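Hello,

Here is the structure I promised to pass on to you. Please have a look at it first, and then read on for what turned up in it.

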Amino acid sequence: MNAAERRVVVTGAGVICALGDAPSAVYRRLCAGEGAIAPVEAFAVDGLRCREAAAVAGFEPRRYLGQGNLRPLDRTAQLVAAAAQLALDASGWTRERRHEHELGLALGTMFGSVHTISAFDRRALTAGPIYAKPMDFANTVINAAAGQTAIWHGLTGVNSTLSGGTTSGLLALAYAADLIRSGRASALLAGGGDELCFESFYGFYRTGRMAGSRNGAAPCAVPFDARRNGFVLGEGAALLMLEEERAARRRGAPILAEIRGHGSGYDPSRGRDGESGRDALVRAVDAALADAGLAPHAIDAVSASANGSVAGDRCEAAGLAAVFGRPLPPVAAVKSMLGECLGASGALQTLTLIEALDGGVLPGIRGLEHADAALASNGTPDGTPDATPGDLARSRPLAIDAGLVSAVGLDGNVGALVVSRAGEGDG
Amino acid sequence: MDARVVVTGIGVVTPIGSGRQAFWRHLLAGRCGVAPVESFDTSGYKVHVGCEVKDFDPAPYVERLEAERLGRASQLAIAAARLALADAERAAEDLEPARCGVAMGTTSGEPREVERFDDCYVAERLEQVDDRFMSLYPCHVIAGHVAAELGFAGPNLVIPAACAAGNYAIANALDVLRAGRAELMLAGGADCFSRITYTGFARLGAIAPERCQPFDKNRRGMIPGEGAAVLVLEPLARALARGAPVYAEVRGYGLSCDAHHMTAAHPDGAARAMARALEESGAGADEVAYVSAHGTGTPTNDRLETRALERIFGDRARRLPTSSIKSMIGHTMGAASAIEGAVCALAVHDDHVPPTIHFERPDPECEVDCVPNEARAMKVPVAMNNAYAFGGNNASVIFRKVPEARP
């Protein structure tokens, strides 16, 4: 099968995140520089130096999933199933149509639900193993959210759960795109989801990777800012409906964008060696551009994974600078607004770029005041001579034909994905 | 997308032996790995046996990283990866690290890390949680640790598809190689013995009290286990050019989802995965000489699995050798179908198929030739590896003999 013969298009999207539950509304709020980071209410954070997150406040699964029995679905599964419903609606995959045509799901997740897993174990520890709950056990597998979503929506095609830490969502989109290109599938939901819970919050707090967790300084989770000292956790789910282009056109589906190519790899130093990390990202971006048949100058914008991590953001800026030289294409980094949404992040970054294709505005980097001097020596996120931190912080009008999503994980995973307007730039 | 991909190295760590040769010898001899559980206290449970890898020492395998800073699943995975690479005779030596990738399956990732967290939590001693908890625990670190240990910088992915995860990882590696995204992939699965897993299966009433008897009329359940397997996969052309040993070709795969029930399988999904794997492989059902069954030994699984086999193989399902090595090594979770993939490759290569041990009474609802109790010498031109998981995730992989390669 010639990969070029089967093109992959996006025909709809569903999102549940701290900034809303509709792609267009989330995008508008990102462009307006609205943050969603707020004091944590879902669990106690007394005595911790970090007390904020970007939670999906007041999530009501029934609003999306109707009156069925939601008890078997934990929060992660409910977020994913809700995003799936929205994506199916947006792309016109009615229940009747789903009955006639097999749909798949490729879900990126970092944890599934570490809360469900831990709570199951803790109940067995405190009440005795014979009081552990069988229904909860079914959800302790990391693929539970994908399995539950398949059951809820009747998705009988390929059902895969992909884990690469905070790059999981991007890797899931890449995985799904290859299934379509190789003829193994013609339509899949792909993206990612993770919940906010005490177990991951406290765990990340203890690693010192969360903004303000380590040195007692005020938390600063602003991507690429010199003051940054870690990330703020978020949560959510984002799924794109990916389809083979001709099949999508035949059924008259809305076509929002094309997934042009991707690349991924690993930094064997796991982020400890800046050069090794930069080189890994460069290879992934080069591979994605080659896969897309595009040269670096064809990329009009980048949707970066930067989350305020000291080493991670530096690695990403250095990698992008090495690929694109100066000036860099304009860079968006949404995590000072949406938080680090773990498995959902790559899909949220991709969705931001897809919305910007049509919206004509690239969201600014909320809160950026002092672009890191170390970054500047490698090329600032936007190396145009007149770009100041203030410019980077502001949303700006931008005509985008093709854009790059980049992802640098916490533990060595790297990935890149190229999206473009559908049916253009045959390269 | 038609590059042929072959298995050139096999590394396994199992309850009945580690390393290809010892494992295969013990498997064909029908050795049983069931023993009293030592990882944790089972006095509060109604069952007390498991298939642990006793006396596992990661030290000989973990060279670049520090073994004591890795979870047990990562240690098992690294051991299997090192054994596989050694078996493949310098497969990675002349390759750029960026052309070498890792795809691993798992059910639970590093469950012992979250179990330690839970111990602190219920003791109200959260301050004793390891600062590295979030660096040790998330499941994706298994493939990461293998790559970091070996210096591999290519595609890196964990597919946590529960009890079918090994097959998902092998399938992904096949696609990565065919698409030219890497020239060598390590693919497999790893899971360590876990209190959480044991508790869950015990509560489902799925654990047998003494032994695992797939397809037997009196079968009483599965036995949780642990282990890891890694296959070295590379394009056939490259393997031939370097004169590498070739065990088998990974010819194709099929995936499907039941979308029916989280823990109960459905024959439709299993049959669709098998049909798809056969179709891609260009092999007729009549060419399949051996099936490595999912064969957990629970009353329901083996019955439904037999129904699915009948849909694909018809009357021949009764005569088609279909064994479950879970009778010997227990259910090693995400590692299971990776170890069984190694078994399929070895069966194809070595003209033997392993038995289903502890078989005593045929079950009229499970009329398969389960190769009862004794290994069998036979030609295996094509083998099928079946795996089914929580979440309704089904995966079948086809292995085929490569006559033109060095045996």
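**The sheet in chain A**

β9(A) and β13(A) run parallel and are joined by three bridges. Within that pairing, V302(A) has L404(A) of β13(A) as its bridge partner. Before going further, a word on the basis: this is a predicted model, in which local features need pLDDT of at least 70 and side-chain atom pairs count only at pLDDT 80 or more, while totals for chains, interfaces and linings use all residues. Residues are numbered from 1 along each chain as its sequence is written, chains are lettered from A and ligands numbered from 1 in the order in which they are written, and side-chain values use heavy atoms, with hydrogens and water left out.

Helices (H or I, at least four residues) and strands (E, at least two) are DSSP runs numbered from the N terminus, and two strands pair if DSSP finds at least two bridges between them. The open sheet in chain A has 10 strands with mixed pairing, in the order β5-β4-β6-β7-β1-β8-β14-β13-β9-β10. At its edges stand β5 (159-162) and β10 (331-332) of chain A, each with a single partner strand, so each has one side without a neighbour in the sheet. The partner of β10(A) is β9 (residues 301-303) of chain A, and these two pair in the parallel sense over two bridges. There, S303(A) stands opposite A332(A).

On to β13(A), which covers residues 402-408; seven of its seven residues are buried, that is, under 20% relative accessible area, where exposed means over 50% and partly exposed in between (1.4 Å probe, protein chains only). In a regular strand the side chains alternate between the two faces of the sheet. Here A402(A), L404(A), S406(A) and V408(A) point one way, while G403(A), V405(A) and A407(A) point the other way, and all are buried.

β13(A) also runs antiparallel to β14 (residues 413-420) of chain A, joined to this strand by seven bridges. One facing pair is V408(A) with V414(A) in β14(A). The two strands form a hairpin with four residues between them, and G412(A) takes a positive phi near 115° in this hairpin.

Also in chain A, L88(A) sits in helix α3 (residues 75-91). L88(A) counts as buried because its relative accessibility is 0%. The C-alpha atoms of L88(A) and G14(A) are 7.7 Å apart, although the two residues are 74 apart in sequence.

**Salt bridges**

Over all chains, the search of the whole structure finds 56 salt bridges, each defined as a side-chain nitrogen of Lys or Arg within 4 Å of a carboxyl oxygen of Asp or Glu. One of them joins E243(A) and R251(A), with the closest N and O atoms 2.5 Å apart. Both E243(A) and R251(A) are buried.

Which residues of chain B are linked in a network of salt bridges? They are R4(B), E249(B), R251(B), R400(B) and E404(B). In the bridge between R4(B) and E249(B), the closest N and O atoms are 3.0 Å apart. This pair links distant parts of the chain, with R4(B) in the segment before β1 (5-14) and E249(B) in strand β9 (residues 248-257) of chain B, 245 residues apart. R4(B) also meets E404(B) in a salt bridge at 3.2 Å, N to O. As E404(B) lies in the segment after β15 (393-400) of chain B, this pair ties together parts that are 400 residues apart in sequence.

**Surface patches**

Patches are made of residues with over 30% relative accessible area and no salt bridge, joining like charges within 9 Å and nonpolar side chains (Val, Leu, Ile, Met, Phe, Trp, Tyr) within 5 Å. Accessible areas come from the Shrake-Rupley method with a 1.4 Å probe, and for residues only the protein chains shown count as cover.

L125(A), Y121(B) and V122(B) make a nonpolar surface patch of about 200 Å². V122(B) belongs to helix α3 (residues 111-122) of chain B and is partly exposed, with a relative accessible area of 32%.

A positive patch is formed by R71(A), R123(A), K133(A), K46(B) and R203(B); Lys and Arg count as positive and Asp and Glu as negative, with His and the chain ends not counted. The place of a charge is taken as NZ of Lys, CZ of Arg, CG of Asp or CD of Glu. K46(B) is found in the loop between β3 (35-36) and β4 (49-50) of chain B, and at 76% relative accessibility counts as exposed.

Best wishes
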